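Keep the model open beside you as you go.

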Amino acid sequence: MTAKPTLLLAALLLIPSFRPALADLKLCNTTQSRVGVSIGYQDANGWATEGWWNIASQACETLLKGAVPSRFIYVHAVDYDRGGEWAGTNFMCTADKSFAIRGVQDCPQRGYKRTGFFEVDTGDGQEWTVRLTDPDDKDHSKEAFGK
């Protein structure tokens, strides 16, 4: 899939969340499109990638329950309706269908795709929300909220 440049160029804003602590990783899709989302992270067992969550326009989804597993979370999202993707330069393994993959090395040799993810620094947050917005919203193409 070829990425639309407007989706790849975005600022990452860190804004504190003032909600009760539920200690989950969430993603909110504030775009006008349906999106597919995959995430990557490092936990006590090493690197992991998981996907796909299909998230409707103007909806939020809990991706991981409990405390955020590491300071850095990686996100890759695909715009199903208009094409394009939210991607980055951190490469991890994905698959076409629902997946949970351990390890980020040798993706093609293991039968997976090598996919670019953008990094979200959660700091010391135990709860975090990533918000995807429309590419027309030049101030907020990707946002991250944490606590």
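**Exercise 1.** Number the bonded cysteines of the protein in sequence order and state the pairing.

*Solution.* The pairing is 1-2, 3-4. Before going on, note that this is a predicted model, where local features need pLDDT of at least 70, side-chain atom pairs count only at pLDDT 80 or more, and totals for chains, interfaces and linings use all residues. Residues are numbered from 1 along each chain as its sequence is written, and side-chain values use heavy atoms, with hydrogens and water left out.

**Exercise 2.** Find how many disulfides the structure holds, and describe the one that involves Cys28.

*Solution.* Step one: apply the criterion, a pair of cysteine sulfur atoms within 2.5 Å. This gives two disulfides.
Step two: Cys28 is joined to Cys60, with an S to S distance of 2.0 Å. This pair links distant parts of the chain, as Cys28 sits in strand β2 (residues 24-29) and Cys60 in strand β5 (residues 59-65), 32 residues apart. Strands here are DSSP runs (E, at least two residues), numbered from the N terminus; helices are runs of H or I with at least four.
Step three: the torsion about the S-S bond of Cys28 and Cys60 is about 110°, so this disulfide is right-handed.

**Exercise 3.** Decide whether Cys28 and Cys60 are buried, partly exposed or exposed.

*Solution.* Step one: recall the cut-offs, with buried under 20% relative accessible area, exposed over 50% and partly exposed in between (1.4 Å probe, protein chains only).
Step two: Cys28 has 6% and is buried, whereas Cys60 has 48% and is partly exposed.

**Exercise 4.** Work out the handedness and the setting of the link between Cys93 and Cys107.

*Solution.* Step one: the sulfur atoms of this disulfide are 2.0 Å apart. The value about the S-S bond is -85°, and the link of Cys93 and Cys107 is left-handed.
Step two: Cys93 belongs to strand β8 (residues 90-94) and Cys107 to the loop between β9 (99-102) and β10 (113-121), so the pair ties together parts 14 residues apart in sequence.
Step three: Cys93, at 0% relative accessibility, is buried, and Cys107, at 2%, is buried too.

**Exercise 5.** Which strands pair with β2, and in what sense?

*Solution.* Step one: two strands pair if DSSP finds at least two bridges between them.
Step two: β2 and β5 are antiparallel over six bridges, and Leu27 has Glu61 as its bridge partner in β5.
Step three: β2 and strand β11 (residues 128-132) are parallel over five bridges, with Asn29 opposite Leu132.
Step four: check burial, and six of the six residues of β2 are buried.
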